[in-house]
Amino acid sequence: MILPRFYPVFDSADWIARAVPLGVRLVQLRMKDRANDALHTEIVTAQALCRHHGAALVINDHWQLAIDLGADWLHLGQEDLDTADIAAIRRAGIKLGVSTHDLAELDRALALGPDYIALGPVYPTILKQMKWTEQGLDRLTEWKALIGDIPLCAIGGMSVERSTGAFAAGADTVVAVTDITLHADPKARIHAWLEATA
């Protein structure tokens, strides 16, 4: 499977509405601490936007809603794997991406036959508090050698400027979060990402 080389993560359908008309073709909706009704509405809105613009939507964490709403993609962190019904997710035909931070987590993820593996944080990240220090580019190279043809997503502190090194180290796709949402001109930054990863 070939993934787009640019993969932004947003916390609302509003952000997705800004991104997919510009040409983003793979985008994640990552919403924490939201009521189920709000989650449902945001996912439905994001799905409609993505389908209209020919983009793939990845739902983070909320596997039951992903099944109920006919999602195409789901992303699970290691904690999510503890409670997710992987068999039900697979029966629903949903493609699965999994976060990894060390070799034990990589082994666990590979046992699920994932559609992509994410490694992070490649660089220090301000997105969330993590017990892992930065992985670095060498770890991307190591992971790619271990996972072979499974797409490898680099996440954590990524920027347009750092993407070149990540691709050279073995990443197939680079994930951007705050590099867009905290940028003074998010639209221009998305365009820059699309140009850099074309």
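This is a predicted model: local features need pLDDT of at least 70, side-chain atom pairs count only at pLDDT 80 or more; totals for chains, interfaces and linings use all residues.
Residues are numbered from 1 along each chain as its sequence is written, and side-chain values use heavy atoms, with hydrogens and water left out.

When I say helix or strand, I mean DSSP runs: H or I with at least four residues for helices, E with at least two for strands, numbered from the N terminus.

Let's start with the barrel. Eight strands close up in the order β1-β2-β3-β4-β5-β6-β7-β8, with parallel pairing. Neighbouring strands of that sheet are turned by 25 degrees against each other on average, ignoring direction. Pairing here needs DSSP to find at least two bridges between two strands.

β3 and β4 run parallel over three bridges, and Val-58 sits opposite Trp-73 in β4. Over at β6 and β7, residues 152-154 for the latter, there are three bridges as well, again in the parallel sense; Ile-117 has Leu-152 of β7 as its bridge partner.

Staying with β4 for a second, that's residues 73-76: which residues lie on each side of the strand? Trp-73 and His-75 are on one side, Leu-74 and Leu-76 are on the other, and all of them are buried. Buried means under 20% relative accessible area, exposed means over 50%, and partly exposed is in between, using a 1.4 Å probe and protein chains only.

Next, the helices, and α2 first. It covers residues 36-53, so to speak of its length: 18 residues, 26 Å from first C-alpha to last, close to the 26 Å expected at 1.5 Å a residue. That expected span is 1.5 Å times one less than the number of residues. The buried residues of α2 are Leu-39, Glu-42, Ile-43, Ala-46, Gln-47 and Cys-50. Down the helix axis they fall within an arc of 135 degrees, so they line one face of α2. The arc, by the way, is taken over the directions from the helix axis to the C-beta atoms. Turned away from that buried side are the exposed Asp-37 and His-52.

What do the buried residues of α2 pack against? The partners are α1 (13-19), β2 (26-29), β3 (56-60) and α3 (63-68), where contact means heavy atoms within 4.5 Å. The helix lies across β2 and β3, at about 160 degrees to β3. Axes are lines fitted to C-alpha atoms, for helices over the stretch in contact, and angles run from 0 to 180 degrees between N-to-C directions. After α2 comes Gly-54, with a positive phi near 70 degrees.

Leaving out residues up to four places away in sequence, Ser-159 touches Asp-179, Arg-189 and Trp-193.

Helices α7 (residues 137-147) and α8 (residues 160-169) pack at about 35 degrees, axes 8 Å apart. Leu-137, Leu-140 and Thr-141 of α7 meet Gly-165, Ala-166 and Ala-169 of α8.

Gly-120 and Pro-121 are joined by a cis peptide bond, omega about -10 degrees, and Pro-121 is in the loop between β6 and α7. Which phi values are positive outside glycine? Asp-33 is one, near 55 degrees; it's in the loop between β2 and α2, and exposed at 82% relative accessibility. Asp-61 is another, at about 80 degrees, in the loop between β3 and α3.
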